[in-house]
Amino acid sequence: MSTYAGTVALARLALRRDRVLVPVTAVLLVALAGGSASATVALYPEPAAALAAARAVVASPAVLAMYGPIDATNPDSIAAFKTLTIGAMLVAALAVTLVTRHTRADEEAGRTELLGAGAIGRRAPLTAAVLLATAVVAAVSLAAGLSMASAGLGLRGSLAFSAAWATTGVAFVGVTAVAAQVAGTARGCAGLAYAVLGGAYLVRAVGDTTPLHWLVWVSPVGWAQEVGAFGDDRVGVLLLGVTWSAALVAVAVGLLERRDLGAGLLPTRPGPVVAAASLRTPLALAWRLQRGLLLGWVVAYGVLGVVLGAVAGSADSFVTDDSVRQVLEQLGGSASSLADVFVGVELHLLAIGAAAYGLAAALRLHSEEVEQHAEQLIATGVTRRALLVSHATVSLGGSALLLLVVGTGLATTTSGGPGTALSRLLPAALAPVPAVWVSCGLALLLYAALPRATVAAWALLAVFLVLGELGPLLRVPQPVIGLSPFVHVSPPPGGTVPTTPIGLLLLFAGGLCLAADGAFRRRDLVNG
């Protein structure tokens with residue numbers, strides 16, 4: 001029997017299992033690209049205004065660090081400057097999810113062993129996952145580019161935009177294929193792949209804002225920029241991503257042949273027979289299970305805070321043209337200086353990221369329940385309330401800690417002295433905490449009341465992100481934008497902290513947690 005036997009059947013099975021995840025994600029990503037393009041065309045009907053905005057983008061190192069450069073001679077390029085890099089990373093995240101789900105996650109759950117008992121070759125699951133993820137990345141990227149062309153942008157540039165997204169997405173198919181061989185768990189596999197993605201983004205940002213531009217070519221995220229959509233349109237860069245992915249998949253196949261089924265290259269150690277006294281409470285167990293994830297996020301947020309603080313300090317000095325300054329303020333909102341505009345926008349995005357951590361930590365209890373670990377704990381006398389509260393504490397406390405860390409990191413490298421910077425930046429960094437907690441509360445309530453619909457929590461967070469980032473650009477009515485809790489508690493540095501919205505959001509978050517507690521105690525446990 002061939003080692004690839006059953007690949008087509010497994011790919012069809014994976015596609016059927018993802019019949020909701022893939023279409024919903026694809027529609028959101030295509031809507032992000034097409035909607036942003038339509039709104040930008042409406043916002044800048046005159047080419048001269050679009051070119052002024054493009055010049056503003058390339059003149060600001062702060063914006064370059066966040067979104068990357070664009071061609072300031074093509075008015076269409078302004079329609080892609082926000083969605084190109086962020087969208088490429090979202091496509092890469094989709095590739096990470098698909099490959100992890102159909103390789104390491106299936107192996108961890110025992111499904112691969114079950115399939116291997118039939119006419120399925122050893123390499124078939126990995127090959128099927130790679131083929132599926134590559135096809136999805138290509139289809140989503142092409143559809144996004146065509147949506148931009150339908151919005152009125154040039155077809156050549158739109159297709160180059162597709163190539164940019166596909167370049168990064170395909171590259172992370174290969175990265176995740178290797179991560180699935182290295183890590184022994186699905187969480188470890190995804191963690192490794194996302195760590196590479198975060199590092200690639202950081203390397204690209206350094207390359208775009210320093211004389212070390214060659215660093216951009218080291219980063220798969222930077223390759224998306226080097227396509228030069230709505231500029232040079234170097235579609236051939238896509239071959240770099242394809243070649244990189246093919247090489248890593250070949251490495252993954254080689255590693256697959258050298259390890260046991262169910263094991264990763266990184267060894268896993270069994271724990272001690274008797275738990276330490278510090279682990280004999282539900283909260284201590286939740287902390288033990290989640291401390292690695294939180295530590296990784298804390299390190300990433302600390303680095304981001306330091307880097308962003310250093311970049312923000314030079315934002316004002318690079319823009320002297322009043323018209324360019326006005327355009328930048330339109331892109332980032334009103335504030336007293338461009339540095340504050342930049343910091344305010346970044347803190348808003350980082351608050352969304354902290355909420356993403358909070359959701360992952362809160363929903364860890366769902367996987368504990370599915371894997372029947374929660375059932376074993378409850379059998380020992382641990383109450384459901386204690387179980388829920390322990391994971392909720394890690395979720396709420398950890399997400400607030402991330403914003404504290406990023407605010408402190410910003411203050412250490414921002415000009416004006418640590419004391420002054422802390423008094424200006426920490427309130428702005430911590431003000432979104434109630435909005436983050438509302439997101440966590442929604443996730444807890446969904447898990448407690450509808451455990452099979454917890455993915456809706458991620459969809460809600462994506463909606464909050466789109467409303468906050470693109471709502472004004474897409475001319476969404478203000479009452480609809482107001483549905484996002486983050487838009488009410490994002491003051492610029494040195495601005496007035498909105499105490500009333502903060503109080504109301506805290507009450508709302510508390511109500512959601514209480515409702516989750518009631519729902520969790522009334523339903524049956526879910527197994528499998």
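Biologist: Which backbone oxygen lies 2.9 Å from a polar atom of the side chain of Arg522?

Modeller: The backbone oxygen of Gly518. Keep in mind that this is a predicted model. Arg522 is in helix α23.

Biologist: Is Arg522 buried or exposed?

Modeller: Compare the relative accessible area with the cut-off: over 50% is exposed. Arg522 has 70%, so Arg522 is exposed.

Biologist: How far is Arg522 from Ser150?

Modeller: Their C-alpha atoms are separated by 50 Å. Along the chain, Arg522 and Ser150 are 372 residues apart.

Biologist: And Ala5 and Pro125: how far apart are they in sequence and in space?

Modeller: In sequence, 120 residues; in space, 9.6 Å from C-alpha to C-alpha. Ala5 sits in the segment before α1, which covers 7-17. Setting aside neighbours within four places in sequence, Ala5 has contacts with Ala119, Ile120, Gly121 and Ala124.

Biologist: Which residues of α23 are buried?

Modeller: They are Ile502, Leu505, Ala509, Leu512, Ala516, Asp517, Gly518, Ala519 and Phe520. Gly518, whose backbone oxygen lies 2.9 Å from the Arg522 side chain, is in that list.

Biologist: What covers the buried residues of α23?

Modeller: The cover includes α16 (364-370), α18 (384-413) and α20 (433-449).

Biologist: How do I read the packing of two helices?

Modeller: Two packed helices are described by the angle between their axes and the distance between the axes. Start with α20 and α23. Their angle is about 15°, and their axes are 8 Å apart.

Biologist: Why are α20 and α23 called roughly parallel?

Modeller: Angles under 35 degrees count as roughly parallel. The angle here is about 15°. α20 and α23 are therefore roughly parallel to each other. Their crossing is left-handed.

Biologist: Which residues meet between α20 and α23?

Modeller: From α20, they include Pro434, Trp437, Val438, Leu442, Leu445 and Tyr447. From α23, they include Ile502, Leu505, Phe508, Leu512, Cys513 and Phe520. Of these α23 residues, Ile502, Leu505, Leu512 and Phe520 are among the buried ones.

Biologist: What are the angle and axis distance for α18 and α23?

Modeller: The angle is about 145°, with the axes 10 Å apart. This crossing is right-handed. Arg384, Arg385, Leu388 and Leu396 of α18 make the contact with Cys513, Ala516, Asp517, Phe520 and Arg521 of α23.

Biologist: His391 is also in α18. Is His391 buried or exposed?

Modeller: Under 20% relative accessible area means buried. His391 has 4%, so His391 counts as buried.

Biologist: With which side chain does His391 make a polar contact?

Modeller: With the side chain of Gln290, at 3.0 Å. Beyond its neighbours within four places in sequence, His391 is in contact with Ala286, Leu289, Gln290, Ala361, Arg364, Leu365 and Glu368.

Biologist: Which residues does Thr168 touch?

Modeller: Leave out residues up to four places away in sequence, and Thr168 touches Ala88, Ala92, Pro220, Val221 and Ala224.

Note on methods: Residues are numbered from 1 along each chain as its sequence is written. This is a predicted model: local features need pLDDT of at least 70, side-chain atom pairs count only at pLDDT 80 or more; totals for chains, interfaces and linings use all residues. Side-chain values use heavy atoms; hydrogens and water are left out. Contact means heavy atoms within 4.5 Å. Buried means under 20% relative accessible area, exposed over 50%, partly exposed in between (1.4 Å probe, protein chains only). Helices (H or I, at least four residues) and strands (E, at least two) are DSSP runs, numbered from the N terminus. A polar contact is a pair of N or O atoms within 3.5 Å; within protein, one must be able to donate a hydrogen and the other to accept it, and residues adjacent in sequence count only if both atoms are side-chain atoms. Axes are lines fitted to C-alpha atoms, for helices over the stretch in contact, and angles run from 0 to 180 degrees between N-to-C directions. Angles under 35 degrees count as roughly parallel, over 145 as roughly antiparallel, 65 to 115 as roughly perpendicular and the rest as oblique. A crossing is left-handed if the near helix is turned anticlockwise from the far one by less than a right angle, and right-handed if clockwise.
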